[in-house]
Amino acid sequence: MFRNADTIAAIATPPGRGGLGVIRISGPQALPIAHRLSGRTTIRSRYAHYVHFRDVRGEPLDTGLLLYFPGPKSFTGEDVVEVQGHGGPVILEMLLARIYALGARAARPGEFSERAFLNDRLDLAQAEAIADLIDAQTQAQARAATRSLAGEFSRVVNQLHEQLLELRAFIEAAIDFPDEELDLLESGQVGQRLQTLSTEVQHLLAQSGQGALLREGARVVLAGLPNAGKSSLLNALAGMESAIVTDVPGTTRDVLREQIQIDGLPLHIVDTAGLRDTQDAVERIGIERAWQAAQEADLCLLVVDALAGFGAEDVAIRDRLAASGAPILTVFNKLDLVTERFALPADAIGISARDGSGFDDLRIRIKALLGYGGEAAGLFSARTRHLDALRRCQQALTAAAGALAAHSGLELLAEDLRQAGEALGEITGQVSADELLGEVFGRFCIGK
Ligand SMILES: Nc1nc2c(ncn2[C@@H]2O[C@H](COP(=O)(O)OP(=O)(O)OP(=O)(O)O)[C@@H](O)[C@H]2O)c(=O)[nH]1
Ligand SMILES: [Mg+2]
């Protein structure tokens with residue numbers, strides 16, 4: 001248990017005016033501060049006291065509720081007091097100044113959650129889920145963060161961690177009793193358990209990839225020849241006239257972004273200048289930026305005018321887009337203008353940005369190409385940091401399987417398993433370097 005900490009305080013409600021404003025105090029001085037702030041001599045635990053909050057001369061500052069949550073069964077694991085006053089910025093600052101004068105100091109961003117983590121009230125993945133829940137922009141993100149906060153992600157990680165530890169203990173025991181070493185290896189048991197673990201880590205990695213995609217969203221870049229209908233497509237997807245649309249080729253010069261969501265998945269749609277050779281200096285800059293945007297895309301939609309067909313210039317654009325490494329979906333637009341039967345190439349899709357046909361298919365294809373299974377997948381929120389740790393765990397397991405196959409000895413195998421376990425431990429914070437904690441909690445806002 002992490003003791004002798006100083007007492008911290010911060011406004012926990014968002015800045016601005018509201019019916020209520022809450023100040024949270026945590027640490028050994030929380031209760032004495034509450035006594036002096038309210039003038040009450042008895043403060044019951046988990047009971048809403050209606051009190052006057054008083055300044056240094058005993059004059060009332062505000063009236064409101066005082067709640068006391070004794071540690072260790074509080075959010076931070078320490079004594080916590082919640083001061084619920086009126087939600088005006090001036091009155092809250094006055095209350096906070098009084099609380100500082102009584103012995104608390106200002107909390108750093110994320111410090112409440114950090115204390116909760118250090119006191120084992122939350123693991124690291126759960127603490128991150130609090131930030132994700134507060135920052136959620138779609139309902140799907142909020143639900144995924146709630147699942148992580150409830151510990152669903154951590155539970156799977158911990159189960160894998162335990163299985164790994166068991167296998168390692170088994171192998172280390174065999175190192176100490178060399179007579180049994182051969183039996184153990186020949187039984188094929190170790191190989192089988194490694195295989196199972198590896199499959200489970202792979203599965204978790206796929207699930208976490210979905211969670212990270214849901215949290216971070218994806219960049220979808222619209223590229224193609226001038227007049228293909230990129231800006232019309234952006235407007236249709238965004239449901240508003242965001243980009244200028246004209247029949248003049250070369251209308252769009254800047255890179256334009258709109259945020260939409262498909263089935264809870266946040267997408268940043270990027271409209272770009274039509275790609276062509278041009279002498280116009282401004283348009284050339286726009287085209288350079290278009291290529292730049294394509295470089296950073298998670299998915300490129302190559303928009304083609306169906307009436308004009310897929311020509312040599314489209315081939316050249318497609319090849320250059322392919323170099324960015326992102327998947328490419330060819331979208332034939334203006335199908336409403338095509339009168340004779342249109343033979344859509346395999347893998348391509350046909351739409352009309354004008355009448356909206358083909359958009360359901362388009363959305364399905366976008367989700368599929370980004371590897372998003374939809375909300376039904378029971379996602380939890382995950383971060384790049386988690387994916388990175390899972391990948392390192394997977395690599396260590398592969399190395400372990402290699403060591404086993406090459407008969408390189410149990411010591412090497414045990415070491416690989418140790419590394420695999422360490423990678424998993426980083427996710428929940430069982431193994432955590434100080435800089436990792438700084439990195440995670442420093443991104444929180446004050447009062448969390
Ligand atoms: N009939 C029909 N016309 C369309 C459709 N989509 C776009 N257009 C027309 O095609 C012309 C060009 O559309 P834009 O959306 O400006 O094309 P763009 O690809 O953004 O063009 P640049 O910005 O010049 O690269 C406009 O006159 C649009 O009204 C469609 O699905 N059907
Ligand atoms: Mg345009």
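# Close-up views of a predicted model

View 1. Leucine 61 lies in strand 4, where strands (E, at least two residues) and helices (H or I, at least four) are DSSP runs numbered from the N terminus. This is a predicted model, in which local features need pLDDT of at least 70 and side-chain atom pairs count only at pLDDT 80 or more, while totals for chains, interfaces and linings use all residues. Residues are numbered from 1 along each chain as its sequence is written, chains are lettered from A and ligands numbered from 1 in the order in which they are written, and side-chain values use heavy atoms, with hydrogens and water left out. At 18% relative accessibility, leucine 61 counts as buried, because buried means under 20% relative accessible area, whereas exposed means over 50% and partly exposed lies in between (1.4 Å probe, protein chains only).

**View 2. Two helices and their spans.** The expected span of a helix is 1.5 Å times one less than its number of residues. Helix 13 (residues 384–405) has 22 residues and should therefore span 32 Å, which agrees with the 32 Å between its end C-alpha atoms. Helix 8 (residues 189–216), with 28 residues, reaches 40 Å from its first C-alpha to its last, close to the expected 40 Å. Buried residues of helix 13 include Leu387, Leu390, Cys393, Leu397 and Leu404, and those of helix 8 include Val190, Leu194, Leu197, Val201 and Leu205. An α-helix has 3.6 residues a turn, so residues three or four places apart point the same way. Just after helix 8, glycine 217 takes a positive phi of about 75°.

**View 3. The surroundings of ligand 1.** The shell around ligand 1 holds 23 residues, the closest being Lys230, Ser232, Gly250, Thr252 and Asp336; a residue is near a molecule or strand if one of its heavy atoms lies within 4 Å of it. Helix 9 (residues 230–238) gives the most to this shell, with 3 residues. The space taken by ligand 1 is the largest pocket. On a 1 Å grid over the protein atoms alone, a pocket is an open set of points with protein on both sides within 12 Å along at least five of seven lines, whereas a cavity is a set of points where a 1.4 Å probe fits but cannot get out, and lining residues have an atom within 4 Å of a point. A molecule sits in either one if more than half of its atoms lie within 2 Å of the grid points.

**View 4. Polar atoms beside ligand 1.** A backbone N or O atom of glycine 229 lies 2.8 Å from an oxygen atom of ligand 1, and a polar backbone atom of alanine 353 is 2.9 Å from an oxygen atom of the ligand. A nitrogen atom of ligand 1 is 3.1 Å from an N or O atom in the side chain of asparagine 333. Taken alone, ligand 1 exposes 650 Å², and the protein buries 93% of that, with accessible areas coming from the Shrake-Rupley method with a 1.4 Å probe.

View 5. Most residues other than glycine have a negative phi, and most peptide bonds are trans. Lysine 334, in the loop between strand 11 (328–333) and strand 12 (349–350), has a positive phi near 65°, and lysine 334 is partly exposed, with a relative accessible area of 22%. Arginine 46, in the loop between helix 1 (30–38) and strand 3, has a positive phi near 50°. A cis peptide bond with omega of about 0° joins glycine 71 and proline 72, and proline 72 is found in the loop between strand 4 (60–69) and strand 5 (80–87).

**View 6. Histidine 49 and its side-chain partner.** Histidine 49, found in strand 3 (residues 49–54), is buried, with a relative accessible area of 3%. A polar contact of 3.4 Å joins the side chains of histidine 49 and arginine 40, where such a contact is a pair of N or O atoms within 3.5 Å; within protein, one must be able to donate a hydrogen and the other to accept it, and residues adjacent in sequence count only if both atoms are side-chain atoms.
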